[in-house]
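Please look over the sequence and the model below before reading on.

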Amino acid sequence: MEQQILLQAKIAFFLGNFNKVLEIWQVNDYDDDYYYFLVSRALIAARELNPKTIRLTKKPSSKLLEITDIVSRFMGPLIEQQKLDTTIDEDRKQIEDVLKKLKDIIPQQNQKIIQIICAYMSVNSCEAQYALQLELQKDAFYQELLYLQFIIYLRGRRFDLAESTLLDLRRFDDEDILTYLAQIYLNLYNGQPEQALKSIQETKDRFGDSAKLMNLMITCLIHQNKFEEAFELGQKVKTMIIDNEQFSDRQEIEICLSNLIILSEMLNKQQQKEEYFQVLEQINKSCHFLKRYQEKLKKIEQLS
């Protein structure tokens, strides 16, 4: 029963359904560090987004508060502050500085959280290689770290290593949500949108639909030049997670709006483009898409 609670929370978390994660937590008592690590990130998102669709009535345990405090102070802010134009040495120094601080304040029993935090920082860094040097312990955190390694290899265009890591994920648990997601991303990065769509459908059949899977489907449709279909699906995602205020991962909200802005421009829907742009600015003015988009507009102005 306890493992089932963890599994349900993990599936909901990685599909971006934070509402479900917190619903599971509020009706179940389960003392596990990795479970608390999932719940802590959903709690932080709830505090940031203040969704109307969920009412938190349960008081967090001291251990959950401790883990939430660590994640809030070190994981979120530092990842968001990561610059796109930093050098490898600058990235590495930042991660090493954080690593030193974390080792001083995190209790020994929570040392494995250090690996996760540094791995996420590495995924967002210039070269994204530092996490690969971290020792991986085969415990409840192992698979997420393995998944992060996979993402790092993909972003570094090391498809041979990414495929090897996907095999490791399959050996660990062929039916896990992270294994399914890794296959989707591998298909996308390999320029195989048809295969990615097939993998998305398999994931939906196994775990249910979500904003994350719909966003991935939109990416596939864009790669296939099916812009009208992608735009219609994007509007459905927006209705689900913004207009109807379904509590989801903020990243999925940003991806949805970013896709709609791009598609509105391609389909010459200027009024809708401005609307989506304003909504995205209200949610997160400093998101990477807005920065890149504004830089592109400045370059166009300079050339005109």
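In which helix is the place of Thr179? Thr179 lies in helix H9, which covers residues 177-189; helices here (H or I, at least four residues) and strands (E, at least two) are DSSP runs, numbered from the N terminus. This is a predicted model, in which local features need pLDDT of at least 70 and side-chain atom pairs count only at pLDDT 80 or more, while totals for chains, interfaces and linings use all residues. Residues are numbered from 1 along each chain as its sequence is written, and side-chain values use heavy atoms, with hydrogens and water left out.

With a relative accessible area of 1%, Thr179 is buried, where buried means under 20% relative accessible area, exposed over 50%, and partly exposed in between (1.4 Å probe, protein chains only). Once its neighbours within four places in sequence are left aside, Thr179 is in contact with Gln143, Leu166, Leu169, Arg170, Asp173 and Asp174, contact being defined as heavy atoms within 4.5 Å. Another threonine, Thr68, has its place in helix H4 (residues 62-81) and counts as buried at 11% relative accessibility. Thr68 touches Ser40, Leu43 and Ile44, if residues up to four places away in sequence are not counted.

Helix H9 also holds a contact with helix H1 (residues 2-14), and the two pack at an angle of about 25° with their axes 10 Å apart. The axes are lines fitted to C-alpha atoms, for helices over the stretch in contact, and the angles run from 0 to 180 degrees between N-to-C directions. H1 and H9 are therefore roughly parallel to each other, since angles under 35 degrees count as roughly parallel, over 145 as roughly antiparallel, 65 to 115 as roughly perpendicular and the rest as oblique. On the H1 side Lys10, Ile11 and Phe14 meet Ile177, Leu178 and Leu181 of H9. By class, this contact of H1 with H9 has five nonpolar, no polar and one charged residues, with Ala, Val, Leu, Ile, Met, Phe, Trp, Tyr, Cys and Pro counted as nonpolar, Asp, Glu, Lys and Arg as charged, and the others, Gly among them, as polar.

Leu181 touches Phe14, Tyr147, Lys212, Leu213 and Leu216, not counting residues up to four places away in sequence. In the largest nonpolar core, which has 90 residues, Phe14, Tyr35, Phe37, Phe150 and Leu181 touch the most other members; such a core is a set of buried Ala, Val, Leu, Ile, Met, Phe, Trp, Tyr and Cys residues joined through side-chain atoms within 4.5 Å. Helix H3 (residues 33-49) gives the most to this core, with eleven residues.

Two loop residues deserve a separate look. Arg157, in the loop between helix H7 (142-155) and helix H8 (159-172), has a phi near 60°, a positive value in a residue other than glycine. Asn268, in the loop between helix H13 (250-266) and helix H14 (270-283), likewise has a positive phi near 60°, and Asn268 is exposed, with a relative accessible area of 67%.

Turning to the cysteines, Cys220 counts as buried at 0% relative accessibility, and Cys256 counts as buried at 0% as well. The count of disulfides comes to zero, a disulfide being a pair of cysteine sulfur atoms within 2.5 Å.

For the protein chain as a whole, there are 15 helices and zero strands, and buried residues make up 50% of its 304 residues. Among the contacts in the chain with a separation of 6 or more, 65% are between residues 24 or more positions apart.
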